[in-house]
Amino acid sequence: MPMLDVAIAYNRYKFIGNEFLTWLWFSIDTNQQFFRTVDETITSLYLGNRIVLENSINDASEIITIKGDDAGLEEGLLSLRKGAVVIEMNLSYKTENQEWNFTLKGESLSFAGLKVPETGSVETKADIEGMVLEKAYLYEKAIELVNRLYHFFLKLRSSVEWNQKTVPDIKKWMQV
Amino acid sequence: MGILSSSVSITQYRVEGKLSEPILESIATGLKKNAVEEIDNESSDKAIGWTCFNNPFSTDFNQSPFIIGTHLVFSMRIDKKIIPSKIVQKHYTLEMTKRLEKSGQEFLSKTEKKEIKDHVIHLLNLRIPATPNIYDLIWNYESHTLWFFSNLKGANEELETLFTRSFKLKLIRLFPYTMATLASPLSDVEKDAVSQFTPTRFTE
């Protein structure tokens, strides 16, 4: 496959990341069990305290930012019904006794404000190495989760199921 | 913000290509050749290069090893001198007055003015210390992955240039399209399908 210029590819396909976040919100709301198939240590994945949506009508674009605990549900759904897509989302990822929190941007799928479970304190040089390893492991857990979810989404998105089942289901969910 | 901060930003990268054996030696050479240079008391206004993780004002990679477990861990440092424009303006005006008095001219030509401005900036750069910004990274050579601990556009662009120059490897930023086509387990048919995607309409 010919490789597109990076800047062109970034802009042309950022809608895929936004759709991924929209689908993720739908999955969070309707199918928590599904996450177990992607990460067997997960106990829950929830919206955090911030969600940002964008509604592009003709050439104008409207950005809607919703903040606060239990962010977004009502107003966000209303925006979705008006044709908006999620462009940024704060997530809380929990396993049995640990919690991660981070914000994903649809266009880049980069992590911002990533907070991982507490690690021990650093006193010696050897502690620093141990801490880096522990942190790297914890970062990887969140990164892997997102990568796997995204890969699952891509498979679904490129299958016939997307248009036949998922899109109608998402439309129904938006109307509830 | 770095690896040990309580809250971090991460941009994922894929590293393509192979280093010549022995790998660790190639990396050490790349790091040392492109280590950040001190520019305090120099006329340069910007320096970009590698530095040791957790010891960002040392570039002695023998003292601070860059391998932790199976990870390669080091930092990029960008030193920049920021001279407030009002300071430049002040010294420029003073210097122009001096020049006019000395030469007895009434006006200075465009070239002379530019010459004075460059000279003033050169002198100020010698006196002003650079402000350092440090960005950590974790590189996993075997899995071709690299995590850069910043989402800042400028820092990411500098990283891409510095990394390629240092190791002669291709560093590809991962975002929805590149993640799908270069770093996913999708089949070729599915990857082709991704290229053909058009936005879904969730409303009628």
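**Exercise 1. The faces of E4(A)**

Which residues of strand E4 (residues 99-105) of chain A lie on the covered face, and which on the uncovered one?

*Solution.* The model is predicted.
- Step 1. Take the covered face of E4(A): Trp100(A), Phe102(A) and Leu104(A).
- Step 2. Take the uncovered face: Glu99(A), Asn101(A), Thr103(A) and Lys105(A).

**Exercise 2. From E5(A) into chain B**

Which strand of chain B pairs with E5(A), and in what sense?

*Solution.* 
- Step 1. Identify the partner: strand E1 (residues 8-16) of chain B.
- Step 2. State the sense. E5(A) and E1(B) pair antiparallel, over two bridges.
- Step 3. Name a pair. Phe111(A) has Ile10(B) as its bridge partner.

**Exercise 3. The contact of the two chains**

How many residues does each chain give to the contact, and which element of chain A gives the most?

*Solution.* 
- Step 1. Count by chain. Chain A gives 41 residues and chain B gives 39 residues.
- Step 2. List elements of chain A that give two or more residues. Among them are helix H1 (6-12), helix H2 (14-30), helix H4 (73-81) and strand E5 (111-115). Helix H5 (125-157) and helix H6 (160-175) also belong to the list.
- Step 3. H5(A) gives the most, with 14 residues.
- Step 4. Sort the chain A side by residue class: 24 nonpolar, seven polar and 10 charged.

**Exercise 4. The nonpolar core**

Which residues touch the most other members of the largest nonpolar core?

*Solution.* 
- Step 1. The largest nonpolar core holds 76 residues.
- Step 2. Name the residues: Ala142(A) and Leu137(B) touch the most other members.
- Step 3. Find the main contributor. H5(A) provides the largest share of this core, 10 residues.
- Step 4. Examine Leu137(B). Leave out residues up to four places away in sequence; Leu137(B) then touches Phe74(B), Ser75(B), Met76(B), Leu146(B), Trp147(B), Phe148(B) and Phe149(B).
- Step 5. In soluble globular proteins, nonpolar side chains tend to be buried together.

**Exercise 5. The overall form of chain B**

What radius of gyration does chain B have, and what would a compact globule of 204 residues have?

*Solution.* 
- Step 1. Compare the values. Chain B has 24 Å, but a compact globule of 204 residues would be near 17 Å.
- Step 2. Take the box. Along the principal axes, the C-alpha atoms of chain B fill roughly 80 × 60 × 35 Å.
- Step 3. Check burial. In chain B, 28% of the 204 residues count as buried.
- Step 4. The domain assignment gives domain 1 (11-82 + 128-196) and domain 2 (85-124) of chain B.
- Step 5. Take the spacing. The C-alpha centres of domain 1 and domain 2 of chain B lie 41 Å apart.
- Step 6. Tally the secondary structure of chain B: six helices and seven strands.

Conventions
Residues numbered from 1 in each chain as written. Chains lettered and ligands numbered in written order. Predicted model: local features only at pLDDT ≥ 70, side-chain atom pairs only at ≥ 80, totals over all residues. Contact = placed C-beta atoms within 7 Å. Helix = DSSP H or I, 4+ residues; strand = E, 2+ residues; numbered from the N terminus. Nonpolar A, V, L, I, M, F, W, Y, C, P; charged D, E, K, R; others polar. Pairing = 2+ DSSP bridges. Core = buried A, V, L, I, M, F, W, Y, C linked by C-beta atoms within 7 Å. Buried ≥ 20, exposed ≤ 12 C-beta atoms within 10 Å, placed from the backbone. Rg over C-alpha atoms; globule rule 2.2 N^0.38 Å. Domains from an automatic or database assignment.
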